[in-house]
Amino acid sequence: MPGTSLPLLSILLLAPALASPPVLAQRGTATVVSIGDGDTIRVGDTGRLVTVRLACIDAPEMAQAPYGAQARRYLQTRLPIGSAVRLIPQTTDRYGRTVAEVIGEVNLNLALVEDGLAFAYRQYLAGCDAKEYLNAEHRASRRRYGVWQVPGGITRPWDFRRGRRTTQPSGAGAAGSSSQKPAPWANTTPAGGRRYRCREIGSYALAQELLRQGHTYLDGNGDGEACESLRP
């Protein structure tokens with residue numbers, strides 16, 4: 001009918017824009033909100049929170065004491081809360097995190113490797129200047145900085161995570177994958193509130209509502225999604 005064709009066309013034209021999630025601008029600037037660990041941060045971008053996984057590097061797990069904490073403190077020092085950074089996005093990983101090089105006064109990804117706080121992530125170097133990262137790692141190892149104080153370097157984070165996956169009891173880690181690095185925003189509870197387990201909640205939608213209410217420990221990997229195991 002002629003009277004309904006225009007509204008229908010308008011709906012069809014608007015649908016893609018309404019359905020598509022916002023995309024972080026290429027080489028966009030953002031504000032540091034929190035530091036998760038040695039290679040994960042959260043930034044504010046045009047009114048929303050974005051979890052950023054630093055590209056092309058792998059920092060020690062927090063459980064790899066003291067190296068994980070050292071990498072995190074390094075980022076906290078170089079990227080104070082509220083500081084502006086420039087992001088060079090590469091992709092979005094399966095957890096919804098923006099994978100990017102983070103530029104402050106320097107390229108923080110490269111600086112972490114250069115100062116022995118992280119390893120060049122050889123499996124994922126394609127999006128960066130691989131030679132630059134490998135040379136930085138070589139210099140750090142020659143100088144025995146950070147993770148290279150141990151001959152040959154400490155256990156690589158990817159090997160450490162693989163080992164934890166193979167030894168974790170069945171059913172553990174319901175709030176997130178055991179291979180993911182813990183983040184400070186994953187361990188807080190609203191004042192006076194109780195802590196829930198994902199299997200107690202039983203509903204993916206309810207888990208997201210609890211996350212919005214401040215139960216951020218339900219977001220075990222810091223990707224902005226609670227209780228992924230409940231996803232329909």
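This is a predicted model: local features need pLDDT of at least 70, side-chain atom pairs count only at pLDDT 80 or more; totals for chains, interfaces and linings use all residues.
**Exercise 1. Work out the geometry and placement of the link between C198 and C227.**

Step 1: look at the sulfurs. The sulfur atoms of C198 and C227 sit 2.1 Å apart, and the two residues form a disulfide (a pair of cysteine sulfur atoms within 2.5 Å).

Step 2: get the handedness. The S-S torsion of C198 and C227 is -85 degrees, and the link is left-handed.

Step 3: C198 belongs to helix α6 (residues 198-201) and C227 to the segment after α7 (204-212), so the bond ties together parts 29 residues apart in sequence. Helices (H or I, at least four residues) and strands (E, at least two) are DSSP runs, numbered from the N terminus.

Residues are numbered from 1 along each chain as its sequence is written, and side-chain values use heavy atoms, with hydrogens and water left out.

**Exercise 2. Find how many disulfides a search of the whole structure gives, and describe the one made by C56.**

Step 1: count. The search turns up two disulfides.

Step 2: describe the pair. C56 bonds to C128, with 2.0 Å between their sulfur atoms. The torsion about this S-S bond is about 95 degrees, so the disulfide is right-handed. C56 is in the loop between β3 (48-54) and β4 (57-58), and C128 is in the loop between β7 (119-120) and α4 (130-143), so parts 72 residues apart in sequence are tied together.

Step 3: inspect C56 itself. C56 has a positive phi of about 70 degrees although it is not a glycine. C56 is also buried, at a relative accessible area of 3%.

Step 4: write the pattern. Counting bonded cysteines along the chain, you get 1-2, 3-4.

**Exercise 3. Trace the barrel and say how β3 pairs with β2 and with β6.**

Step 1: order the strands. Five strands make a closed barrel, β1-β2-β3-β6-β5, with mixed pairing. From one strand to the next, the twist averages 50 degrees; axes are lines fitted to C-alpha atoms, for helices over the stretch in contact, and angles run from 0 to 180 degrees between N-to-C directions.

Step 2: take β2 and β3. Strand β2 (residues 40-45) pairs with β3 in the antiparallel sense over six bridges; two strands pair if DSSP finds at least two bridges between them. Across this pairing, R42 faces T51 and I41 faces V52.

Step 3: look at the turn. β2 and β3 form a hairpin with two residues between them, and T46 in the turn has a positive phi of about 45 degrees. T46 is exposed, with a relative accessible area of 75%.

Step 4: take β6. The pairing of β3 with β6 is parallel, over three bridges, and V52 stands opposite T98 in β6.

Step 5: Five of its seven residues are buried, so β3 is largely enclosed by the rest of the structure.

**Exercise 4. Identify which residues have the most contacts inside the largest nonpolar core, and which element gives the most to it.**

Step 1: size it up. The largest nonpolar core has 33 residues, and I41, L79 and Y133 have the most contacts inside it. Such a core is a set of buried Ala, Val, Leu, Ile, Met, Phe, Trp, Tyr and Cys residues joined through side-chain atoms within 4.5 Å.

Step 2: list the suppliers. At least two residues each come from β1, β2, β3, α2, β5, β6, α3 (108-114) and α4. The biggest share is from α3, with five residues.

Step 3: A second, separate core of nine residues includes L210, L211, L218 and C227.

Technical notes. Buried means under 20% relative accessible area, exposed over 50%, partly exposed in between (1.4 Å probe, protein chains only).
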